[in-house]
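Thanks for coming. I have one structure to go through this morning, and I will keep it short.

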Amino acid sequence: MAAENSTKATSAEAGSSSLGKKKPLYEASTQYKNWRYSPERLEDVRTQLNAAAVAVIRNTFEADEPGSSSGVAFLDAGEEQLLVKLYISKIPQLCGHFRFPEEVEATAISYLKRFYLKNTVMDWHPKNVMLTALFLATKTTNNPISLEAYTSNIPKTSPSDVLDLEFLVAQSLGFEFAVWHAHRALWGIWLDLQSLPDLSADLRPQDVYEIALKHVRASRFTDAELIYTPSQIALACLSIASPLICQRWADSKSAVSPSSQPLSEVLEDTLGAIKFMVMQAGQPPDVESVREVDRRLKLCKNPEKVVGSKAYLARIAEDEHRAEQKRNKKANDVRRALAEGDPFGSELTDKEKAERLAELDEDDD
Amino acid sequence: MDAVERANTERQKRWVKDQKVGEGTYAVVYRGREFATGRKVAIKKIKVGQFKDGLDMSAIREVKYLRELHHQNVIELLDVFSSKTNLNLVLEFLDSDLEKIIKDRTLVFLPADIKAWMAMTFRGLEFCHRNFVLHRDLKPNNLLIASDGQLKIADFGLARDFTDPGHKMTCQVITRWYRPPELLFGSRYYSTAVDIWSVGCIFAELMLRTPYLPGETDMDQLKTIFRALGTPTEEDWPGHTKLPDYVPVGQFPRTPLRDLFTAATTDTLNLLSKCLIYEPRKRIGAKEALHHAYFFALPYPSHPSKLPKLSNNTSSRPLDEVDGNVDMNASGPGVKASAPNRLKRKLSSPGDELGGRPLARRLDFTQKRS
Amino acid sequence: MANRTNVGGWLQGKTVRKGGITSTNAHSTRSNTPQVQSTSTTVFGGGVKDSSGRTSEYFSMDDQCPVCKSDRYLNPKLRLLVSSCYHKMCESCIDRLFTLGPAPCPICQKVLRKLAFTPQTFEDLTVEKEVAVRRRIAKEFNKRRDDFQDLRAYNDYLEEVEDLTFNLINDIDVPQTEARIAAHRAENAALIERNVQRDEQYAHALKEQEEIERQEREQRASEARREEEMEREEREKGRREIIDRLETSSKNAAKVIAKSRAEANKRSSARTAADTVLKSNAQLLRSRAAQSTVVPDVPHVPLQDDWYAYEDIYTLMSSYEDPYSEAVRKDREGIMRAGGYRVEEAWERALRSAVMGLDLLPLVGQGISDVDKDPSSQPDVVMAAA
């Protein structure tokens, strides 16, 4: 009897594991793989990034003029965030001006947030990064516009402001351009509500959708998309607009949740956290407080990253010098190798070869 | 050094470029390998910073979609890194492509081979469509063949997401011979059916061993299609005369496919005809096609390892160069990629190769290494 | 069939000949015979097939039906068929005796059905019987050398098969032999089935190969025709060229002609080279066919990936109330439909977005997402830690 039971258990297990082998498609996305954080981790990343930047800039100041960094009030991670948030709020305005689709707006905002998980405001000022992120988003979402047309419609902006940063932004994004958005999930939920047999049209008035969509837009000011999935954010926003409709829909999906618990219960904490986040932080920052931060930023910017500054020029010269050396070395190597009849020189180890070739690459553009 | 730069250097170190295997206007392709494992790869270096509109659209599309799509029948993008202002795509190394195989007159295709290639093409395409991606440039030389015989869809330089209702798309996509009539008539609202038409043309080409519908100009393309499949009536294809670029190109009778494909089975022709239905909404879908009787009938599809391979070893994997900066001078948010030059260039002189197809977009890597 | 003809005859007011009223008459008339024969060809599909799948039927001027004594002299269309007890009789007799159901064989009394008659292939009926028995046995005893552990076991098996065959041919211990065959069938059902399929595939491959070879031949023939045509054109062109050059050139005539000839030769040798390539195709084909039994081809499996697309969580309805796509669906110009735009595809994408990752609980603490542990995304760990 016992033996029989145990074989049953194994076969059931085998069955479920073969089913479990199917991986949800969302888990193939770079959004899931590389841009999903816990709240703690998110804070940690920002704090460390900020600390590292402060250390570097302090060193640069000191190298330039000893003692000069002591009076500088560097930005902390929270202040950096505040500034980024201000520039997030500029994106919908610009999109309205250009009449870009919502997809462009949402994508550009995601790019801007992701950029500042790899970079600091003190190195790269969010104004141009924002313009670049938006321009890049028009292209990645297949709504391209010429750079000329783009910059000429934005005051005090030249094509080079965007072009200079584009590669850096793309690189910071890890060239991961695809983003899944909550507004499409919300549309999907709204459509799917119509398959609920007992939820007639008058029980789901259109203005509930409009309110929910407003909250989805508000959520773009928050970190929600870095922590939660688009469908969860959409559902939370729907829940703010109408808790009843939200629950009805969530319960209709309960059958697929692995536990027998209704989905609305499984997601209770998650939805609660998102709602709190949206209500709490889902608006542009107070301009006055940001103005103060921006003023301080002018004093603590990384001089190496300010185009035209002494430190910037020094760095460029240094880079040039290094590149020149490499070119010479390469030319010599090739000459020598040719003389020996073997293009790589047989005495080189694989590792050396690899390094050599990596160098070759850097120079031959 | 910045965190971003540091991470990039880490990535860069994983890969070794061995040998340049081709160079085009916008990209250089190297054969390379993974430093730690020695696994062969292809590294496509895209020169950035020479376009007035910044990063090239086709490079962006290619990276965007390949980063997300992971499937046996879609080329795998292993890594992306930058060197100075070059964008480097590390792709799995693939030996040849279907165009070369079709052209290699020393190879003989069994019906089972064609079935295997079609199944793999449809699987790859079904996966793209399942991920809401239109490929928009399917043709034999974008179907790459791995050494184990697996077929992989490559070149996502013209791919895009499905559109939301009411958003226009460009109709200047898909290489002419594989372009469906709705695009030739200038439709700006289309669907996955455009890719299916291309697959139908490839299917026919595999049987004929020569392009099925080789039009010389866009206008001639329509004529070629109608000559082969009959001029559509309003009943065949409701509303097609209202499409933006509709022009009558003459009345041609419908000849049965059987007349041209004398050796094909009924199932084969049934599937082929469903890929080439004029009304796009009635055209078969990729998933439906994979459940078509053709695939289940004997003979079974050939095991990939047995599929015909190029007979000579002169083919180091030719990757497409990414070229053709999509014209972005157009105003407004609507996609307006007015006739990417390469499409024109590509098909401007189909006859100048020895009976072959125009090679414009390819890099020629077939020259023997000494 | 015969009856219907008769009815037709009555209706048409024709005199029905005596012998024609019923086909049960032993001496059926010639006018009846064709109908009976056509029935028979549909009924009797057997016979021993040759390697190409065709049945060649044995036929002799001396044929005579042992039952009704009708012969080829009286009935040129006489067709003799063989019963499962290996007795011959003509189609008319078969029709007469067995149309109403199973009846005893007029020669040996074994009960037969109409379907049990097959065309005769060999003159000697014992050969006919042997071939049929062997064919039947081969269908079930289809094991191959690699189904046995050693050669000895295989030999024993072959001997057993030979034994059974011999018994059946010579009617020795028939019930016991049949029992042994039934037992073998029961024991080896799966293996037999597999081997049957393998054989079928092999036969299919052969057929395919034949077909391709036929196409090749056709292609070669048409190629040859085209070449001939080209050659003729070229000769014509060459002649014209020579004349043109002679007219315009100041060089001497002999030189001009020699140069033109040399060019023509160059062109023709290029064609010969192309021809060699084509000819080797048949060889390649054969090697492909031989290879096809090494790695087995497997039945088609439509989708082979392991990605789950949430299909079971949502159902796409045929239509939605959707202000967002209303204009598109109205499609006043009809261009959405003609262009093939499918709002359903956009809807499905939205529905999928709605359920995708719904139950994916957020990460907690310092734990990085599990994918980050994957070595392929290590750079991100580096980046994140920086």
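I will take the chain contact, then a helix pair, then a strand. Keep in mind that this is a predicted model.

Start with where the two chains meet. On chain A, 34 residues are in contact with 37 residues of chain B. Four helices of chain A each supply at least two residues of the side that touches chain B: helix 6 (126–140), helix 7 (147–152), helix 8 (159–172) and helix 18 (350–363). Helix 8 of chain A gives the largest share, six residues. By class, that side of chain A has 17 nonpolar, nine polar and eight charged residues.

Now the helix pair. In chain A, the axes of helix 4 (residues 77–98) and helix 5 (residues 102–115) come within 9 Å and cross at roughly 160 degrees. An angle over 145 degrees counts as roughly antiparallel, and helix 4 and helix 5 of chain A are therefore roughly antiparallel to each other. The crossing is right-handed. Residues in the contact include A:Y87, A:I91 and A:C95 from helix 4 of chain A, and A:E105, A:I109 and A:L112 from helix 5 of chain A. The contact has ten nonpolar residues, no polar ones and one charged.

Last, chain B. Is strand 5 (residues 86–92) of chain B largely enclosed or open? Five of its seven residues are buried, so strand 5 of chain B is largely enclosed by the rest of the structure. It pairs antiparallel with strand 3 (residues 40–47) of chain B over seven bridges, with B:V90 as the bridge partner of B:I43. Strand 4 (residues 77–83) of chain B also runs antiparallel to strand 5 of chain B, joined by six bridges, and there B:L77 is partnered by B:L91. The hairpin of strands 4 and 5 of chain B has two residues between the strands, and B:K84 takes a positive phi near 50 degrees.

Methods:
Residues are numbered from 1 along each chain as its sequence is written. Chains are lettered from A and ligands numbered from 1 in the order in which they are written. This is a predicted model: local features need pLDDT of at least 70, side-chain atom pairs count only at pLDDT 80 or more; totals for chains, interfaces and linings use all residues. Two residues are in contact if their C-beta atoms, placed from the backbone, lie within 7 Å. Ala, Val, Leu, Ile, Met, Phe, Trp, Tyr, Cys and Pro count as nonpolar, Asp, Glu, Lys and Arg as charged, and the others, Gly among them, as polar. Axes are lines fitted to C-alpha atoms, for helices over the stretch in contact, and angles run from 0 to 180 degrees between N-to-C directions. Angles under 35 degrees count as roughly parallel, over 145 as roughly antiparallel, 65 to 115 as roughly perpendicular and the rest as oblique. A crossing is left-handed if the near helix is turned anticlockwise from the far one by less than a right angle, and right-handed if clockwise. A residue is buried if 20 or more other C-beta atoms lie within 10 Å of its own, exposed if 12 or fewer, and partly exposed in between; C-beta atoms are placed from the backbone. Two strands pair if DSSP finds at least two bridges between them.
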